[in-house]
Amino acid sequence: MSANAFRSPLMQQIAAATRSHNRPPLVFSSSRLSGNKNASPERNEATVNSSSPGGQRVCLKTTKSDSCGHTSSRHAFSSANSLESLPQLSTRYLSSMHQTAHVISNSTTRGEEPRVNDGTIELMDHSFLQLSIQSRRTTSNFLPVDVSRIPTLKNSMTRAVECATCAPNHRRTEPTTYYKIVTDTDACNRLIDICYNVALCRNMKKRTREEAHLNAQSKMEKWKDTIAGYIVVCVGHQPVQDDEYPYKSFPQEMMQDSHENFSYWYDTIPIRPPQTERQLEDYASACASIQNMLLSLHSENWGSKWATGPIIRCRAMRSLIGCKENDAIAGIVMIGDPKVIPREWNRRRKLQGDVMREL
């Protein structure tokens, strides 16, 4: 194989990772999985194809063979005919391949050798899951909302909630409720308005009114223009979160000059944490379910962010989703097409001997 095949820095890293353990590098192949009668019954493949018209094609797939030897795709982590034709996803593909190299280069320390079939490194099913977990990042910057992708997003959100409900739940109390909001709906317009007013309410305490307005306006526009969907996660049977229940009627138009009314709806309510063992376990279950949700969205190439800021602790938000007095909002998950995929941050603690200690 020509050395020029690995001329990009990314491919050089992958090749170096495999060479360090005397393994063949990822194969350059244009063969199709479909109809391959020699395929193993079930496998994951990480393939780089340089023969596609638009350039390199990076794929990480899980395939499954039927009794006749035909294969079908069960998971599609990253696949495209051309990275250049999908600029909004190209960074995620590169991130996926960086993580693929990481999984391959560290497999010997786990005692789990990847299979090699015709020069193609095949990741085990557990490696695919671990790869998804390790490559997930919190997305803070999103691309402008693509309205044509909203139907796809709705389906992805439904699958994410299905995964969320599989989180551990002691005593099977099923305490968590998920509220789905997508762009260009009345609920979303109210949420954007709440975003603006909560930011304005907080900023007016430490800035001039004009500065507070500009800051709140910038945040509102970011939410409106780039975040395609939201999932609000609510945990039941918690301590009473607000003594003001039942709330008075939410006004159709909020007069910001009425300071008392404005603060009533948009000021931050103090946190009232779990008090009993069951409340703590239910809250922990909700948090575990959010992680499942984030991983599901990540597997379908959506960026997401779990937010727990002041917006979830105001009466306007509780009124929007119809919270009961003993319902606690564990967070709001923002979803969209990622603009930037953050790199893995430098961890302050080492895994061996610090984060993980053998007794």
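How much accessible surface does the protein have, and what percentage of it belongs to carbon and sulfur atoms? I noted an accessible surface of about 19,600 Å², with 49% of it belonging to carbon and sulfur atoms; such areas come from the Shrake-Rupley method with a 1.4 Å probe, and for residues only the protein chains shown count as cover.

I wrote down the ground rules before going further. This is a predicted model, in which local features need pLDDT of at least 70 and side-chain atom pairs count only at pLDDT 80 or more, while totals for chains, interfaces and linings use all residues. Residues are numbered from 1 along each chain as its sequence is written, and side-chain values use heavy atoms, with hydrogens and water left out.

**Overall fold.** I found 10 helices and nine strands in the protein, taken as DSSP runs (H or I of at least four residues for helices, E of at least two for strands) numbered from the N terminus. Of the 359 residues, 44% count as buried, where buried means under 20% relative accessible area, exposed over 50%, and partly exposed in between (1.4 Å probe, protein chains only). Among contacts with a separation of 6 or more, 72% join residues 24 or more positions apart, a contact being heavy atoms within 4.5 Å.

**Surface patches.** I looked up a patch of positive charge on the surface, where Arg202, Lys206, Arg207, Lys219 and Lys222 gather. Patches are made of residues with over 30% relative accessible area and no salt bridge, joining like charges within 9 Å and nonpolar side chains (Val, Leu, Ile, Met, Phe, Trp, Tyr) within 5 Å; a salt bridge is a side-chain nitrogen of Lys or Arg within 4 Å of a carboxyl oxygen of Asp or Glu. Lys222 is part of helix H7 (residues 209-226), and I list Lys222 as partly exposed because its relative accessibility is 38%. I also noted a nonpolar patch of about 270 Å², made by Leu351, Val355 and Met356, with Leu351 in the segment after strand E9 (328-336).

**Backbone.** Which peptide bond did I record as cis? The bond from Tyr245 to Pro246 is cis, with omega near -10°, and Pro246 sits in the loop between strand E7 (229-235) and helix H8 (259-266). The loop between E7 and H8 also holds His237, whose phi is near 60°, a positive value in a residue other than glycine; His237 counts as partly exposed because its relative accessibility is 47%. I found a positive phi, near 65°, at Arg171, in the loop between helix H5 (150-164) and strand E6 (176-182).

Technical notes: Lys, Arg positive; Asp, Glu negative; His and termini not counted. Charge placed at Lys NZ, Arg CZ, Asp CG, Glu CD.
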